[in-house]
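Here is a short note for anyone opening this entry for the first time. Please read the points with the model in view.

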4 protein chains.
Amino acid sequence: MKSIDLNCDLGESFGAWRMGDDDALLALVSSANIACGFHAGDPAIMQRTVESALAHGVAIGAHVSLPDLQGFGRREMAVSTAEAYSMTLYQIGALHAFAQAAGTRLGHMKPHGALYNMAARDRRLADALAQAVRDFDPRLRLVGLAGSALLEAGRAAGLEVVAEAFADRRYRADGSLQPRGEAGAVIEANDQAIAQAMAIAREGSVQAVDGSCLTLQADTLCLHGDGAHALSFARGLRAALQAAGIAIAAPGAVADAA
Amino acid sequence: MKSIDLNCDLGESFGAWRMGDDDALLALVSSANIACGFHAGDPAIMQRTVESALAHGVAIGAHVSLPDLQGFGRREMAVSTAEAYSMTLYQIGALHAFAQAAGTRLGHMKPHGALYNMAARDRRLADALAQAVRDFDPRLRLVGLAGSALLEAGRAAGLEVVAEAFADRRYRADGSLQPRGEAGAVIEANDQAIAQAMAIAREGSVQAVDGSCLTLQADTLCLHGDGAHALSFARGLRAALQAAGIAIAAPGAVADAA
Amino acid sequence: MKSIDLNCDLGESFGAWRMGDDDALLALVSSANIACGFHAGDPAIMQRTVESALAHGVAIGAHVSLPDLQGFGRREMAVSTAEAYSMTLYQIGALHAFAQAAGTRLGHMKPHGALYNMAARDRRLADALAQAVRDFDPRLRLVGLAGSALLEAGRAAGLEVVAEAFADRRYRADGSLQPRGEAGAVIEANDQAIAQAMAIAREGSVQAVDGSCLTLQADTLCLHGDGAHALSFARGLRAALQAAGIAIAAPGAVADAA
Amino acid sequence: MKSIDLNCDLGESFGAWRMGDDDALLALVSSANIACGFHAGDPAIMQRTVESALAHGVAIGAHVSLPDLQGFGRREMAVSTAEAYSMTLYQIGALHAFAQAAGTRLGHMKPHGALYNMAARDRRLADALAQAVRDFDPRLRLVGLAGSALLEAGRAAGLEVVAEAFADRRYRADGSLQPRGEAGAVIEANDQAIAQAMAIAREGSVQAVDGSCLTLQADTLCLHGDGAHALSFARGLRAALQAAGIAIAAPGAVADAA
């Protein structure tokens with residue numbers, strides 16, 4: 001049976017501030033990327049999010065970010081590869097502690113925001129992130145943009161990689177995402193986004209901006225937690241996947257459980 | 001053969017700022033308490049400090065603090081026990097990642113500064129810290145002031161506790177430290193501090209401020225890293241201990257190595 | 001004509017996180033206490049809030065806090081009076097810059113959260129805050145709990161003080177607030193809170209927890225921005241004040257405008 | 001009589017960490033760029049630095065930075081122009097408060113580190129900084145790299161600009177600095193740096209890396225505070241300037257005093 005992972009960014013509240021409807025999303029996804037305090041998430045929120053994901057049977061991973069709370073990790077910063085390596089270890093370890101205390105373990109690492117984009121195109125930075133993951137625990141999967149430098153780095157480091165695709169973003173013919181700033185870069189209509197997700201899940205392909213058909217092997221689809229239609233989109237996508245006989249499961253869910 | 005641990009706070013630099021002569025101190029102590037980013041220590045410094053301690057054969061532990069970089073963790077804060085629990089897990093986990101990557105593991109947790117003092121007298125707070133340590137790894141030792149609520153909490157949580165004494169601080173008859181603000185609270189003369197340390201190490205006793213003799217069972221002595229005479233004191237104390245036939249070793253060093 | 005000020009805490013968003021319905025509240029209050037980056041509010045939010053308050057004709061002041069973003073300034077911290085002095089100057093100055101750029105000026109300073117409570121009872125801390133206000137601009141008013149040490153300190157520093165009362169908090173016979181933790185400390189019913197506000201505004205008195213009648217001269221009433229009924233309460237109170245012929249105006253609104 | 005300004009970055013300590021020999025440098029410079037809390041400097045240190053500069057008769061300005069304490073403001077960040085504008089206002093205002101309380105006023109703004117470099121080449125960012133300065137106080141001077149976009153932006157905003165040159169950095173033929181990473185980019189020998197400074201101060205020219213003679217009109221020379229030879233270089237430069245009959249004075253020192 002075919003299967004695909006649905007992942008979502010969670011635990012993005014901070015202190016007195018709330019963000020996202022984590023409980024609703026946990027009922028819809030198979031993997032959660034949990035903020036580790038650098039762009040969002042304080043220790044209390046990390047603890048609660050890990051416990052909540054565990055209760056929902058959702059796989060968890062570290063959502064590692066540049067140190068920029070004010071910018072929510074969305075502003076690129078010129079960090080060195082040594083800095084990227086150590087900040088990745090720090091954040092994975094911090095989240096690991098809550099998993100450990102809750103009697104579970106991390107399954108993956110996915111960089112957040114600007115760090116995700118930087119690691120998608122910069123192989124040296126990507127290597128630093130991959131090596132941090134491997135040096136912490138080589139069983140951790142590395143999640144990154146399908147076709148990106150990050151996945152190459154992960155494979156080179158001997159890690160299992162998880163290729164991510166987006167249901168609601170337009171792709172260019174070279175497999176990169178159309179930048180958010182450009183008109184049409186985000187697919188607003190739920191039915192179009194679901195159609196793109198289904199093409200990816202079923203056929204491993206997506207129609208690029210220029211009309212060409214792009215091969216896109218993806219292991220996981222990213223659900224956004226904060227859009228207006230986030231929940232209705234997620235429910236629609238789940239229904240479409242189930243109707244098509246495609247299981248929703250975290251990578252290695254069967255193997256890990258064994 | 002009698003033995004005692006010498007511990008020191010390390011990794012207290014941050015970003016571009018340097019503090020302490022870590023390399024010199026690592027040659028003199030048996031245990032290092034490493035800052036975890038809340039009062040000092042950024043990821044790069046934590047990594048370097050762990051690697052350096054490992055190279056020197058010095059046992060490492062997490063030096064967990066209140067979140068107060070500007071105040072260096074020295075200002076008491078009214079944190080809840082739930083907050084204390086989660087911030088302790090976070091910091092232990094962050095440091096653990098560097099130990100894991102370096103192929104070693106943490107041996108202990110010691111709270112820093114204001115958190116140390118608060119946990120010495122507040123049993124509920126102490127319980128939160130002890131439970132965080134136990135939930136992360138019950139093999140970790142909990143270091144606290146000899147006779148403090150923190151050690152009681154550690155024992156209640158089933159942890160091995162390490163009682164700490166100070167060579168250069170005056171004790172009151174009830175075993176508490178004379179507050180730093182008071183005249184004479186800090187022993188400035190190296191020979192007097194060494195004499196107090198030797199009385200603790202050899203006889204398990206110290207002369208209190210009121211002249212009475214206080215029983216003080218201590219497993220570790222704290223060396224300060226930033227005083228003017230820190231290194232000469234440490235060297236003098238080592239010589240005195242060796243002359244008295246007392247080994248300098250981290251708690252459980254033999255057992256852990258086995 | 002009798003008048004009273006209605007004040008509210010505003011600009012309490014941070015980065016990507018939203019808090020409070022600032023636009024709705026600005027239509028209802030006469031004074032805004034604007035967060036200065038220590039418990040909430042980043043530069044962009046401060047700028048926007050100052051501009052928005054100015055557009056609504058609402059007087060603005062600095063809502064000065066302990067440095068504790070994660071705890072939203074609600075956790076007491078053992079800061080020295082020198083630290084309190086300098087952090088107050090820093091925050092007032094930061095907010096002043098946005099007022100200056102917008103062509104307006106600050107009218108007051110009100111400490112936030114834990115600092116408010118600490119300065120209400122600790123005269124030395126209160127003196128530090130009052131001196132910072134005076135040293136920045138002696139025309140600034142100092143807002144504090146009616147009957148508190150902060151107002152005494154403000155008068156001693158030669159400042160005009162603004163006594164604050166709460167519509168929805170129970171008072172003890174000595175004029176202090178019943179702590180939030182205790183049952184009944186917060187008045188949940190809008191009509192009861194409005195009744196208490198009207199007693200304060202009209203008669204300068206409030207019924208204490210023990211049933212006694214407490215004299216309470218207040219210049220301003222605090223509206224909370226984040227409660228479920230915040231807006232409906234504010235509208236109800238405005239209507240009641242207008243029906244009673246009591247004007248709603250910032251302290252010195254007429255004098256300042258002259 | 002010819003004159004030139006000598007400026008230095010000061011107040012770069014933070015919390016318990018010390019950096020630089022501020023007192024020694026204040027005896028040697030005519031202008032101080034004071035950190036405002038974003039890359040260094042906490043409120044207590046800002047207060048002390050302003051008071052100390054005032055006591056030494058040294059002109060003061062805001063050393064505005066990207067929000068990156070851990071990276072000391074040296075890592076470029078992709079901030080928007082709106083963010084740059086508001087963070088500049090925030091920092092100028094915060095420092096202004098200490099000047100105001102000390103009975104003096106700011107004379108200039110100079111961006112720090114990565115922001116300095118970004119604003120030297122990016123005119124839109126430079127405009128944001130210049131507009132923030134002008135909107136706070138159009139009498140403030142804007143300090144930037146001689147020939148940079150920042151100075152163009154300052155002039156366009158109607159500000160008086162101060163062109164900065166470096167005694168110890170190699171220039172390329174186009175007036176830009178040779179990047180630090182390249183061999184020979186920093187002039188280590190004091191006598192060569194003094195010679196370059198004197199050529200700039202006397203003749204308004206400097207020999208570029210390619211041997212060509214570059215015209216370089218500079219109003220101020222930057223002294224580094226943290227190099228090994230910082231103080232001896234500063235003393236040597238002062239002696240050379242005095243021997244050449246060139247006065248050392250902050251820009252507009254005479255006019256401002258009038």
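How much area is buried between chain B and chain A, and what share do carbon and sulfur atoms give?

1. The area buried between chain B and chain A is about 1,700 Å². Carbon and sulfur atoms give 70% of that area. Buried area is the accessible area (1.4 Å probe) that two parts lose on being put together, summed over both.

2. This is a predicted model, where local features need pLDDT of at least 70, side-chain atom pairs count only at pLDDT 80 or more, and totals for chains, interfaces and linings use all residues. Residues are numbered from 1 along each chain as its sequence is written, chains are lettered from A in the order in which they are written, and side-chain values use heavy atoms, without hydrogens and water.

3. Chain B brings 21 residues to the contact, and chain A brings 21 residues. Contact means heavy atoms within 4.5 Å.

4. Between chain B and chain A there are zero salt bridges (a side-chain nitrogen of Lys or Arg within 4 Å of a carboxyl oxygen of Asp or Glu).

5. Which helices of chain B supply at least two residues each to the side that touches chain A? They are α2 (43–56), α3 (81–102) and α5 (123–136). Helices here are DSSP runs (H or I, at least four residues), numbered from the N terminus. α3(B) gives the most, with 12 residues.

6. Chains C and D: a rotation of 180° with 0.0 Å of shift along its axis superposes chain D on chain C, at RMSD 0.0 Å. The two copies are thus related as by a two-fold rotation axis. The superposition is by least squares on C-alpha atoms of residues with pLDDT of at least 70 in both.
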